[in-house]
Amino acid sequence: MKIQVQTKVHAKLADVKRGFTEKLFLRLTPPFPPVKLQKFDGCNTGDQVILELDFFLFKQKWISKITEDGQDNKRWYFIDQGAELPFFLKRWTHRHEVRSSDNQTVILDDITFSTGTVFTDLIMYPLLLGQFIYRKPIYKRVFSQK
């Protein structure tokens, strides 16, 4: 399944790129499930992010690897791919793209995921969509021009 969420912010592309840090990552993490960040290398090819998701009765590890990144004068992107996923996901690819035009920048979260069956994909879709809609006001707050 595919999820796409776009957020317009009033900041320059370079400022948004500079802001994609461990601190931002932690701010973007929704309250459930609680997440313990074990490793955050960054947003460049070869970097890794390791999380521990706490579902209270059990914990799950999530390891993503940055498989690609690139930039030109109008956009910057990086792709993280699930290397080790929680039990409910079989496949995860998240393309983060930041596009610049005029006085604003668009942050695109473009996710492709699979749980293994269409039925469970449909159940997970609104839950995962909610996790990315949660990011919109945070992006706007963090990247508003002062």
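Tutor: Helices (H or I, at least four residues) and strands (E, at least two) are DSSP runs, numbered from the N terminus, and two strands pair if DSSP finds at least two bridges between them. This is a predicted model, where local features need pLDDT of at least 70 and side-chain atom pairs count only at pLDDT 80 or more, while totals for chains, interfaces and linings use all residues. Residues are numbered from 1 along each chain as its sequence is written, and side-chain values use heavy atoms, with hydrogens and water left out.

Student: What is the strand order of the open sheet?
Tutor: Its seven strands run 1-7-6-5-4-3-2, with antiparallel pairing.

Student: Why do strand 1 and strand 2 stand at the edges?
Tutor: Strand 1 (2-9) and strand 2 (35-40) each have a single partner strand, so one side of each lacks a neighbour in the sheet.

Student: What makes strand 4 and strand 5 a pair?
Tutor: The requirement is at least two bridges; strand 4 (residues 59-71) and strand 5 (residues 75-84) have eight, in the antiparallel sense. Within strand 5, Asp80 is the bridge partner of Ile66.

Student: Which strands does helix 4 touch?
Tutor: Helix 4 (residues 135-142) packs on the sheet against strand 1, strand 6 (91-101) and strand 7 (104-114). Contact means heavy atoms within 4.5 Å. By that criterion Ile107 is in contact with residues including Val5, Val16, Tyr139 and Phe143, leaving aside neighbours within four places in sequence.

Student: What makes a set of residues a nonpolar core?
Tutor: They must be buried Ala, Val, Leu, Ile, Met, Phe, Trp, Tyr and Cys residues joined through side-chain atoms within 4.5 Å. The largest such core has 34 residues, and Ile107, Tyr139 and Phe143 are among those with the most contacts inside it.

Student: Why is Phe56 called exposed?
Tutor: Buried means under 20% relative accessible area, exposed over 50%, and partly exposed in between (1.4 Å probe, protein chains only). Phe56 has 62%, so it counts as exposed. Phe56 is in the loop between strand 3 (48-54) and strand 4, and its phi is near 70°, a positive value in a residue other than glycine.

Student: Which element gives the most to the lining of the largest pocket?
Tutor: Helix 3 does, with five residues.

Note on methods: Axes are lines fitted to C-alpha atoms, for helices over the stretch in contact, and angles run from 0 to 180 degrees between N-to-C directions.
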